[in-house]
Amino acid sequence: MGPLVPNIISNEFNLIVALIAGIGFGFTLEQAGFSSTKKLVGLFYGYDFTVLKVFFTAGITAMIGVLLFGQMGILDLSLIYINPTFLWSALVGGAIMGLGFIIGGFCPGTSVCAASIGKLDGLAFVFGSGLGVLAFAQGYPMFEKIYLAEAWGPVLINEKLGMSKIVFGFLLTAIAFIAFFLTRLIEKKVNNDQSKLPKRRVYGYLSAVGFAFAVLIIIAIMPDRYSRLESRINHALAHSDLTTVEVPADKLATEIVNNYYRINIIDVRSPEAFKAYHLPFAINIPFDKMSDRQWKTILDQKHKTNYFYADDQQLAKKGYLKAEFLGKAENYILIESSSDFKNLFSNLTPPDSNASKNELNTYNFRQKAATDMKMLVEALKNSTEPVIVKTSKIKGGC
Amino acid sequence: MKPNKYMNPYLAGFLLGLVLLGTIYVTGRGLGASGAIKSVVVTSVVEVAPQHSANTPFIKSYHEEHPGGPLKDWLVWEVVGVVIGAFFSGVISNRVGIKLERGPNITNSTRIIAAIIGGALFGLGSQLGRGCTSGAALSGMAVMSFGGIITMIAIFGSGYAFAYFFRKLWLK
């Protein structure tokens, strides 16, 4: 599941990815005509709306793609970089950039493109940008207040507008197509252009519009990865027989005492319940968090057997099924609840005098297992402290 | 040889969108440009005037947060790619050559001065706005960032607001 950096592609190789992405970026910008300052400023005087067309098409293409990947479950949207909002500095900075755009005729990316094919004005703009950055760095104390004011964090526009992502997707796509249509009218008027689009091109544009909305509709009606997983779990819960993977407490206790290093005991309850009591060596993976990236290794590995438990049997089974669907490890379910396990091993009551031999054996076994487990936990206290897996934060922006 | 025509803008936009989408899928972040300039500028200042940098909080903290310098900076490599990609595109479309593009009523030196001033404003603004047209506006739109989209509105809104006053730079 994406993003592939840093778990699948290393941070070092990421620099090669940057180079490749940049080549694609520079190539398309130049092909679109963004290396020409006259084409760029045409946007502001109405004679050439190439910037709007390219920019908006790229924006909605990527946005629809991100939505689609997110819905399909191949891109984890909670991990991608969202530019944080600092209200005033965004507005003031944007206004200064707009002024720079109309005076200088470029923006940083396009000026690099222009300079690359030998445009001296592009080179001058790049040089100027360096001076601007330097001025900011020098005068930072002066800008600091506005730079840090109204920090809202990585808020999303759809949240601000009180709509779902997909509704905003529809809205922005519709706005883009309306803008394309209107700017064509303006362009024709400003340039005294009487020409008509060839029929084939009109059909081409119409089918592109249709395609964009079709993808959006698919995203809107497609159940996302989590609800698909949920329905698979519920279906399996109702229809499959799990008795073969259910393990009684005594067997698990034996495993703990003899093979603690070959098993994972996974508590799928809430962190609070886990804190109050948990089985020896248990790790806490709350049911809702099981698909988080940090647990992937545990659910995927083939060296250890995973045992799932909870307070209610239903939840333990669901945890087991989720692990089966998400990973490749060998999984089992503890029949008893955590409180039953506690009663069996911690609050042992000696059998009365006329107990059968069997009962006596069980008592002896549990008593020994309980002491052994206690000893093991004590002895391995430091090495079995749960390892806190940190998911690295992706940095982005300029 | 005559330069080839530019690509259809919608097709170019679609391709650019795919590049951006691919970048987000692989790296979890969007494209950018001004950050690369920042990395180079800050490192140069540190190299040229270490004493001064140590006393300038912004440069000091940026330098500490990016210990690898430009050679370990994602955006620097990306911009190196932009140079290669744009040059390649220019070569196949016959657009490479030393040139200076300007409005019909201004001299070459006015154009260069305007480009430097414009660049300086853009460079400054991109620091305040935490990204430029690519890093904040375009990449922000793709991930529906509120900050990115208002930065975009501010850039283009202000461009239109000031366009009238600078029409002599561009129009007849």
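Biologist: In what order do the five strands of the open sheet in chain A stand?

Modeller: This is a predicted model, and in it the five strands pair in the parallel sense. Strands E3 (246-247) and E5 (282-284) of chain A each have a single partner strand, so one side of each is left without a neighbour in the sheet and both stand at the edges. Read across the open sheet of chain A, the order is E3-E7-E6-E4-E5.

Biologist: Within that sheet, which residue of E6(A) is the bridge partner of Ile265(A)?

Modeller: Strand E4 of chain A, residues 263-267, and strand E6 of chain A, residues 305-309, pair in the parallel sense over five bridges. Ile265(A) has its bridge partner in E6(A), and that partner is Tyr307(A).

Biologist: At about what angle does helix H15 of chain A run to E7(A)?

Modeller: Helix H15 of chain A, residues 313-326, lies across both E6 and strand E7 (330-334) of chain A. Taken against E7(A), the helix runs at about 175°.

Biologist: Leaving aside neighbours within four places in sequence, which residues of chain B are in contact with Ala142(B)?

Modeller: With those neighbours left aside, the contacts of Ala142(B) include Gly59(A), Ala62(A), Met63(A) and Val66(A) from chain A. From chain B, the contacts of Ala142(B) are Leu20(B), Ile24(B) and Gly30(B).

Biologist: How many charged residues are there on the side of chain B that touches chain A?

Modeller: The contact takes 110 residues from chain B and 116 residues from chain A. Among the elements that give two or more residues to the chain B side are H1, H2, helix H5 (74-92) and helix H6 (108-128) of chain B. By class, that side divides into 67 nonpolar and 34 polar residues, while the charged residues number nine.

Biologist: Which helix gives the most to the side of domain 1 of chain B that touches domain 2 of chain B?

Modeller: The domain assignment gives domain 1 of chain B as 1-99 and domain 2 as 102-172, and nine residues of domain 1 are in contact with 10 residues of domain 2. Helices H1 (9-27) and H2 (34-48) of chain B each supply at least two residues of this side of domain 1. The most, three residues, comes from H2(B).

Biologist: How many other C-beta atoms lie within 10 Å of Phe281(A)?

Modeller: Phe281(A) is found in the loop between helix H13 (271-276) and E5 of chain A, and its phi is positive, about 65°, although it is not a glycine. Phe281(A) is partly exposed, and the number of other C-beta atoms within 10 Å is 18.

Methods
Residues are numbered from 1 along each chain as its sequence is written. Chains are lettered from A and ligands numbered from 1 in the order in which they are written. This is a predicted model: local features need pLDDT of at least 70, side-chain atom pairs count only at pLDDT 80 or more; totals for chains, interfaces and linings use all residues. Domain bounds come from an automatic or database domain assignment. Two residues are in contact if their C-beta atoms, placed from the backbone, lie within 7 Å. Helices (H or I, at least four residues) and strands (E, at least two) are DSSP runs, numbered from the N terminus. Ala, Val, Leu, Ile, Met, Phe, Trp, Tyr, Cys and Pro count as nonpolar, Asp, Glu, Lys and Arg as charged, and the others, Gly among them, as polar. Two strands pair if DSSP finds at least two bridges between them. Axes are lines fitted to C-alpha atoms, for helices over the stretch in contact, and angles run from 0 to 180 degrees between N-to-C directions. A residue is buried if 20 or more other C-beta atoms lie within 10 Å of its own, exposed if 12 or fewer, and partly exposed in between; C-beta atoms are placed from the backbone.
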